[in-house]
Amino acid sequence: VDAGELSSLRTLGEIAAKLGANQGSGRTILQALPEAAGPPAAGLGRFQVRLVPAPATGLGVVGLGRGEAQVVSGPDAVAQAVVRRLAAAGVRARAVPAVVDAPDVVVHLAGLGPFSDPDAASAAPRAVFLDMHRVASRFAASGGVFVTVQATGGDFGLSGGAGTAAWASGLTGLVKTAGLEWASASVKAIDAGDASMSADALADCVVGELLSGGAEREVGFSVDGTRQTLAAAVTPLVRGPAQLGASDVVLASGGARGVTAASLIALAQATRASFVLLGRTAIADEPAWAVGLDDEAALKRAYLQAAIAAGDKPAPAAVGRAVDTVRAGREVRATIDAIQRAGGRARYAAVDVQDASALSGLVADVARSWGPVTVIVHGAGVLADKKIADKTEAQFDRVFDTKVAGLKALLAAVQGQPISTLAMFSSVAARGGNLGQCDYAAANEVLNRVGAQLASERGWRMVSFGWGPWEGGMVTPALKAHFQAAGVALIPLDGGARLFADDLVFGGPGATELVIGGSADASALLGEAGPPRVRAGLRVNASTVPALDGHRVRGEAVVPVVFALEWMVRAAQAARPDLHLAEVRDLAVVRGIRVPSFDADGLELIVEATQRDAHDGATLVTTLTGVDGRKHYEATVRMAHAPTTGEGALPSPSVQDRVGGPIYDGAVLFHGPQFQVVDAVEGLGPEGLVARLAGLDAVGWTG
């Protein structure tokens, strides 16, 4: 087959027919056939969201002991159990139905349900947003703690086992956005197993995480208490056999314009399927005044002249709307034409994606004329960017409902249809949060999790595309600048569209959540710009660090340097969990730490780790300070790509056992039972010291 003919052949059947027709003609048969669509643009990252184990690190949230903690909403038994455990740790707490007055700490249990139906579950993110709004201005200015708790299986619904609670999963999008908008606050989203967990077990997970869990913003606990979190890993598409073809009928919301339209055109080129495009724009014949004009200014002048000639004097806003309608109509018609030129069929319907009745009628009509709907593409979305403190309820509802209520209506409309594939146009905002987009992040996180639930329950293929910013679409100049500052490249229109088509046609079964964007590593897509940084809190008292009872000087508990060293190392490891500890240097004791009220409230410390450079691994500056800002310890921690192993022989001191007598008699070492781990000193001299030590299990340490 010559190259000219090859470019028009899309399926193995067409190629086979052409080869059969050419049999005996003496023409060359090509041995290698190029992919019709070609690879996505170079440098376009494809990251798959996965569950990863995350052992507790002993680091808590900053500010837990400051002022009052309010445990909000949720089952009363759980709320009371959380209050009791916080009080035992020295935190003043009470249970309330909604945020009142001015709390410093909010632990929100709305995500625990129980939920009778999807409508009740999807109301939880709205309730949490309203309580976030009540504290947003103060938390943004002076810090605070805001924690959400949900019960979606311990993995935030990633595996599709969350049930109806999947519709409440938008809480994590709210939390991660709040973390970006409230720079000095501590935020965390906790998934505490499922409804089978007792109130006490659930409260143990929640309060344990707040006191000494770790620095991650989203942490899940399986029913057996295993701690885990979510991450995005670079994952190339493994191409399998084609899952979609010319017989498929695609119902696509928001599919007639913008990046969704470009993606559907690429899908049409790969499948020659039939497409039903839904949009808000009512398409009419183009008015005479607009014919032949492309420039926006020229279109505005022409409309204004035509209106004045008709005796009207429209306001500037009306002129803009008229021109937008013309341009939108052109874009819709261009999309339909492009799909048809690719060999597919297309029709457009001006239907509100939230109108289940209108959608049901449309689906029935399509089934009669083209056959049943087999593929859903949910691409509809709107933005109303405002920070949490400034966002209105109406703005939140408009953004959230377009995605979430729209999905409910689509699912209701296709009942009885043989759906095989569901594609979600989600956003990187759901994975890392984004300034001004708490509603958009929450809504897209619901799409991610409900999609996984549908794949699990109904056996559908589901791909949720967490798009970064495109070169077209809804990316405002401010949003574009934010993503560029975070090191996230804009997605080329053709490259993103081809990646969408490839994943949908050649991807495997089940559910896949992707993040699409920058090319360096997954961290560039997951939150705030700038070098990695961790800021964690440490509550030090008899309840949280019981072993410290064995380290008293003249009756007063004192934090040993090894504790400070351990906490700073853990902070560095939390900032760069992808690397391994290589060395600690420049350890400085600026001021010792005494805990005079160890048996009561104790004290709170703050440990920080900030990456200074990333040459051959990473170097981080770590500090341990009091809540008053006074520094106690500091050190430099170097992290490496490979683990460091100790080498060399043990020292052989020339003078043996110079200690003599009891080690812990007060004259040699003052430590109490919890620190009495030196069983015997076998050698001591200028060359070093050799001793036998008991392990921490032997002396009853935990954590």
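The questions and answers below go through a predicted model of one protein chain.

Local features need pLDDT of at least 70 and side-chain atom pairs count only at pLDDT 80 or more, while totals for chains, interfaces and linings use all residues. Residues are numbered from 1 along each chain as its sequence is written, and side-chain values use heavy atoms, with hydrogens and water left out.

Me: How many helices and strands are there in the protein chain?
Reply: Helices (H or I, at least four residues) and strands (E, at least two) are DSSP runs, numbered from the N terminus. Counted in this way, the protein chain has 16 helices and 25 strands.

Me: What percentage of the residues of the protein chain count as buried?
Reply: A residue is buried under 20% relative accessible area, exposed over 50% and partly exposed in between, with a 1.4 Å probe and protein chains only. The protein chain has 703 residues, and the buried part is 51%.

Me: Among contacts between residues at least 6 apart in sequence, what percentage join residues at least 24 apart?
Reply: A contact means heavy atoms within 4.5 Å. Among contacts in the protein chain between residues at least 6 apart in sequence, the part that joins residues at least 24 apart is 77%.

Me: Which residue in β23 stands opposite Ala588?
Reply: Strand β23 covers residues 631–640 and pairs with β19 in the antiparallel sense over 7 bridges. Opposite Ala588, the residue in β23 is Glu634.

Me: Are α7 and α9 roughly parallel or roughly antiparallel to each other?
Reply: Axes are lines fitted to C-alpha atoms, for helices over the stretch in contact, and angles run from 0 to 180 degrees between N-to-C directions. The axes of α7 (residues 258–271) and α9 (residues 316–341) come within 9 Å and cross at roughly 15°. Angles under 35 degrees count as roughly parallel, over 145 as roughly antiparallel, 65 to 115 as roughly perpendicular and the rest as oblique. The two helices, α7 and α9, are therefore roughly parallel.

Me: Which residues in α9 do Gly258, Ala261, Ile265 and Ala268 in α7 meet?
Reply: These four residues of α7 meet residues of α9. On the α9 side they are Glu331, Thr335, Ala338 and Ile339.

Me: At roughly what angle do the axes of α3 and α6 cross?
Reply: Helix α3 covers residues 76–88, helix α6 covers residues 199–212, and their axes come within 8 Å. Residues in the contact include Ala77 and Val78 of α3 and Ala199 and Leu202 of α6. The axes cross at roughly 45°.

Me: Which residues does a cis peptide bond join?
Reply: The bond has an omega of about 0°. Its proline is in the loop between β4 (105–111) and α4 (118–142). The residues joined are Gly113 and Pro114.

Me: Is Asp101 buried or exposed?
Reply: Asp101 lies in the loop between β3 (93–96) and β4. Although Asp101 is not a glycine, it has a positive phi of about 55°. With 70% relative accessibility, Asp101 counts as exposed.

Me: What is the relative accessible area of Asp616?
Reply: Asp616 lies in the loop between β21 (603–613) and β22 (618–626). Its phi is positive, about 50°, although Asp616 is not a glycine. Asp616 is exposed, and its relative accessible area is 56%.

Conventions:
Two strands pair if DSSP finds at least two bridges between them.
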